[in-house]
Amino acid sequence: MAGEYIPLEDAPVYGGQLVRIEEIIESLTKNHPGADVTLVQRAYIYAAGAHQGMTRRSGEPYLNHPLAVAGILCDMKLDVASVAAGLLHDTIEDNPEVTYEDVAKKFGKEVADIVDGVTKIGKMNFSSATERKAENLRKMIMAMMTDLRVILVKLADRLNNMRTLGFMPEHKQSAIATETLDIFAPLASRLGIHKIQTELEDLSLFYLEPAAYSEIRLNLSAGRSDRQQYVTEVIEYLTRRVQEFKIKARIEGRPKHIYSIWHKMRDQNLSFDQLYDLTAFRIIVDSIQDCYSALGVIHSVFKAIPGRFKDYINMPKANGYQSLHTAVIGPRNTRMEVQIRTVDMHNYAENGVAAHWRYKNGGAVSSEETQRITALRSILNWQENLDNPDAFLTSVKDSLAEHESIYVFTPAGDIKDLPAGACPVDFAYSIHTMVGHNCVGAKVNGVIVPLRQKLQNGDIVEVMTSRNGTPSRDWLNYAASPRAKARIRQWFAAEERVKAVDFGHEMLEKEMRKAGLPKAKLANQELLKNLGYANLDELNAAVAFGKQSIRQIMQILAPEKFKPETPAEPRHPAGHDAGAAPDYARHILVSGQSDIFTKLAKCCSPIPGEPIIGYITQGHGVSIHSATCVSLAGLDSDRLISASWSDQQEQLFDVHLQVRTENGPGLLLSVLNIISPLAENILEAHAAEDAGGDGVMSFVLAVKNQSQFNSVLKALKEIPAVKRAERIFPEKA
């Protein structure tokens, strides 16, 4: 079918043959004999009506897209409900007249739930594009916890979108390709769907690194004839040798895909000519015993490369992948990678959970398959409670990314799979969240070690806990697992919320004492209802963060004493108090929240990209300081709270720069010529001579972020006459 993957070495970058409904029905009938395909036929007619008159950016009818998605799902051998959902997947999102209830009524709850899981959130207000992206991803993850077919439909949707990405504007191409590499290709990998993973990676690389992609593709084409001859020689030789040992095997060689080649070149700083393992060989046998027998044959005829043997049969990858991997010095004295697996392992390696996915039309899902699905869910479900959109997206990306694993043991002999570089803190959180929180020490192989010590394969780790133990912020510097990092951040976010609740409570009590009002009045449920808070803690935290005006509370509690100057209004969801918050407020997260009233501290004027910290002020929200601000030493440490920059900034920030130079003619002009193309604007410029005869130049620059300012500093320091270039603060200017 047209939806099948063709290696990009031999295929056009985008485009493709139109998939027809007749092909889809034929494929379904072949894959699922006896299945009721009338559901798919009705879904096609309904989708055609819902998308009538709509076109894609290419100018083709929009219906071509859901047809292509359904075709990809057929290639994955998915069931009737999945294919019907593929045809309907954009109907709710694109047509306001189509609702979940409508789809459920016509096609059943099963299909409607899959369609709803794929549908983006459209009717909510978000404070940033990052928050919208995070919530859409969270919604999809929650849906796939119930039915994994949600993500399979989404992968098919993304694959077709990537195949036709050439019709999108350039900035959209880059954004979509980046998201594909960060989220969807790793998801395909976790699900074990190698064919979709590799095509998504190659297509993403084409749009993100077009020059590198083209260079690798041309080099592969130039050496194809010689490479094919080499593959034929190796296959013939290996076939003879395994037959000598009565091992029934199918042996094949496959070129590595372009993205994997580029990744290796980048990570190891190699040129294409320095790569000697462009082809990987597979030996596919009937049984696990034959896998190990074939491995013995390979190691008896070729010299094994130390440290490159991996037994993923005994220790499967997190996505359920199983194979033996080894690297040897093969014919022509070249490095050669060999994978050995059974037929079932091979089918899973290529198609993952989709290879054996069966519902009503094909019997029950196997227990092995259930374990693989559970493994994926366990990777993702602990992230449900991450409120910070940036933290959520980062955690998802980190947890999906391929990590080199190490295997360590509990004292009872249970195996724990941790990322390379993991420490005892990671191990503690892998057992249970509270074990991590209460961890105070660890023993490795019976010896007490620092919590920052990196673990090694085979270590036996014992965690020491205390009921009074709590996480340390330092743990974030050496924890390696996404789960541990997320749990540590969650703990501090909860602690800081308690701090805000207490401080808000103090502020309210102080004002009520002044007004002669009893504290009991705060328990007024009407007050909470009018202001839109679920409980008193929520109100107290809002007061501390500047999201709720104390005067407004007083006007409700004692209207006879506090006459409202303007009609009382409920709290604003975006965190504005009286009047609009500055533009930068939506770019700052305070304790993981994006709706806090914030202001930049004038003492240090922090700029995006540099570390920042918040300070809870008396009734004026949170003041944002640079983490290195000297003023922090004189502030109440109990009011300090974590803060970070959110998504990319669109506005400019002022930053003060001082440059000291040797005295000489034309230096001011030279410095201006360096700064001008690197900064967004030069707002002020002053030049003087100090008592020692040095030139002292002061500037106020408009920049987007810390990175842009750093590029200015770096360029200035390369001028021989410049003695020092540094950021200064307004009071020092």
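Asn-705 caps the N-terminal end of helix H27, with a side-chain oxygen 3.3 Å from the backbone nitrogen of Ser-707. Before I go on, please keep in mind that this is a predicted model.

So how does the length of H27 work out? Helix H27 covers residues 706–717, which is 12 residues. At 1.5 Å a residue, those should span 16 Å, and the end C-alpha atoms are 17 Å apart, which agrees.

Now, which residues of H27 are buried? They are Gln-706, Gln-708, Phe-709, Val-712, Leu-713, Ala-715 and Leu-716. And what do these buried residues pack against? Their neighbours are strand S17 (653–661), helix H26 (667–675), and the strands S19 and S20.

The side chains of Lys-723 and Asp-694 meet in one, at 2.9 Å from N to O. Where do the two partners sit? Lys-723 lies in strand S20 (residues 722–728), while Asp-694 is in the loop between strand S18 (681–689) and strand S19 (695–703), so the pair ties together parts that are 29 residues apart in sequence. Asp-694 counts as buried, because its relative accessibility is 17% and buried means under 20%.

Let's move to a pair within a single helix. Asp-157 forms a salt bridge with Lys-154, and their closest N and O atoms are 3.3 Å apart. Both residues lie in helix H9 (residues 149–163), three residues apart, or about one turn of the helix. Asp-157 and Lys-154 are both buried.

My last pair is Arg-20 and Glu-22, which form a salt bridge with the closest N and O atoms 3.3 Å apart. Here Arg-20 is partly exposed, with a relative accessible area of 44%. Glu-22 counts as partly exposed too, at 48% relative accessibility.

And how many salt bridges are there in the count? It comes to 17, including the Lys-723 and Asp-694 pair and the Arg-20 and Glu-22 pair.

Conventions
Residues are numbered from 1 along each chain as its sequence is written. This is a predicted model: local features need pLDDT of at least 70, side-chain atom pairs count only at pLDDT 80 or more; totals for chains, interfaces and linings use all residues. Side-chain values use heavy atoms; hydrogens and water are left out. A salt bridge is a side-chain nitrogen of Lys or Arg within 4 Å of a carboxyl oxygen of Asp or Glu. Buried means under 20% relative accessible area, exposed over 50%, partly exposed in between (1.4 Å probe, protein chains only). Helices (H or I, at least four residues) and strands (E, at least two) are DSSP runs, numbered from the N terminus. The expected span of a helix is 1.5 Å times one less than its number of residues. Contact means heavy atoms within 4.5 Å. A polar contact is a pair of N or O atoms within 3.5 Å; within protein, one must be able to donate a hydrogen and the other to accept it, and residues adjacent in sequence count only if both atoms are side-chain atoms.
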